[in-house]
Amino acid sequence: MSVESESPAESDQTVEEMARELGEAITEMPAYQTFLEKKDAVEADEEAQEQIEEFEQIREEYMMARQTGQAGQEDLRELQQAQEKLHSIPVMSEFLEAQNDLELRLQALNEHISDPLALDFGEKAGGCCND
């Protein structure tokens with residue numbers, strides 16, 4: 001789609017409309033739909049929620065101990081074990097796989113957008129998920 005004959009304001013409106021359409025198209029992608037389904041499943045799973053809460057508590061304790069210089073290898077092992085336990089729950093591992101698949105698709109879309117711009121669009125636009 002060429003926007004060369006449009007005024008700057010019209011061009012901005014066209015780009016914004018295209019961005020809205022892209023956002024809507026992303027919500028229709030199978031990877032996005034699967035991600036939402038798996039996210040809902042994790043949120044509805046009592047065991048997963050309990051393990052998430054336990055992991056978050058252990059992680060918070062570890063981070064506080066690390067900030068004060070009191071975190072040791074045993075603390076790190078405890079955190080890693082809690083994470084492994086959480087990730088071993090089938091509903092959680094399915095969610096993580098769906099999340100990873102969606103992130104890969106979004107990265108590919110970002111590359112398509114970024115190529116003609118000569119910059120990383122996703123990073124410049126606020127980025128996502130650089131944990």
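Leu117, Leu119 and Phe121 make a nonpolar patch of about 250 Å². A patch here takes residues with over 30% relative accessible area and no salt bridge; nonpolar side chains (Val, Leu, Ile, Met, Phe, Trp, Tyr) are joined within 5 Å, like charges within 9 Å. Areas come from the Shrake-Rupley method with a 1.4 Å probe, and for residues only the protein chains shown count as cover.

Where does Leu117 sit? Leu117 is in the loop between helix H5 (90-114) and helix H6 (121-124). Leu117 is partly exposed, at a relative accessible area of 42%. On that scale, buried is under 20%, exposed is over 50%, and partly exposed is in between, with a 1.4 Å probe and protein chains only.

A word on what you are looking at. This is a predicted model, where local features need pLDDT of at least 70, side-chain atom pairs count only at pLDDT 80 or more, and totals for chains, interfaces and linings use all residues. Residues are numbered from 1 along each chain as its sequence is written, and side-chain values use heavy atoms, with hydrogens and water left out.

Now confidence. pLDDT is the predictor's confidence in each residue, from 0 to 100. The protein chain has a mean of 90, and 89% of its residues reach 70 or more. Which helix has the lowest confidence? That is H6, at a mean of 74. The highest is helix H2 (residues 30-44), at 98.

Next, the fold. The protein chain has six helices and zero strands. Along the sequence, the pattern reads α-α-α-α-α-α. Helices (H or I, at least four residues) and strands (E, at least two) are DSSP runs, numbered from the N terminus. Of the 131 residues in the protein chain, 19% are buried.

Glu46, Glu47, Glu50 and Glu53 form a negative patch. In the counting, Asp and Glu are negative, Lys and Arg are positive, and His and the chain ends are left out. The place of a charge is NZ of Lys, CZ of Arg, CG of Asp or CD of Glu. Take Glu46. It lies in helix H3 (residues 46-67). Glu46 is exposed, with a relative accessible area of 60%.

On to salt bridges. How many does the structure hold? Five. Each is a side-chain nitrogen of Lys or Arg within 4 Å of a carboxyl oxygen of Asp or Glu. I'll walk through some of them.

Glu17 meets Arg20 in a salt bridge, 3.3 Å from N to O. Both are in helix H1 (residues 8-27), three residues apart, so about one helical turn separates Glu17 and Arg20. Glu17 is partly exposed at 35%. Arg20 is partly exposed too, at 47%.

Helix H2 has a pair of its own. Lys39 and Glu43 meet in a salt bridge, at 3.0 Å from N to O. Lys39 and Glu43 are four residues apart in helix H2, about one turn of the helix. Lys39 is partly exposed at 31%, and Glu43 is partly exposed at 46%.

Glu94 pairs with Lys38, with the closest N and O atoms 3.3 Å apart. Glu94 is partly exposed at 38%. Lys38 is partly exposed at 25%.

That's the tour.
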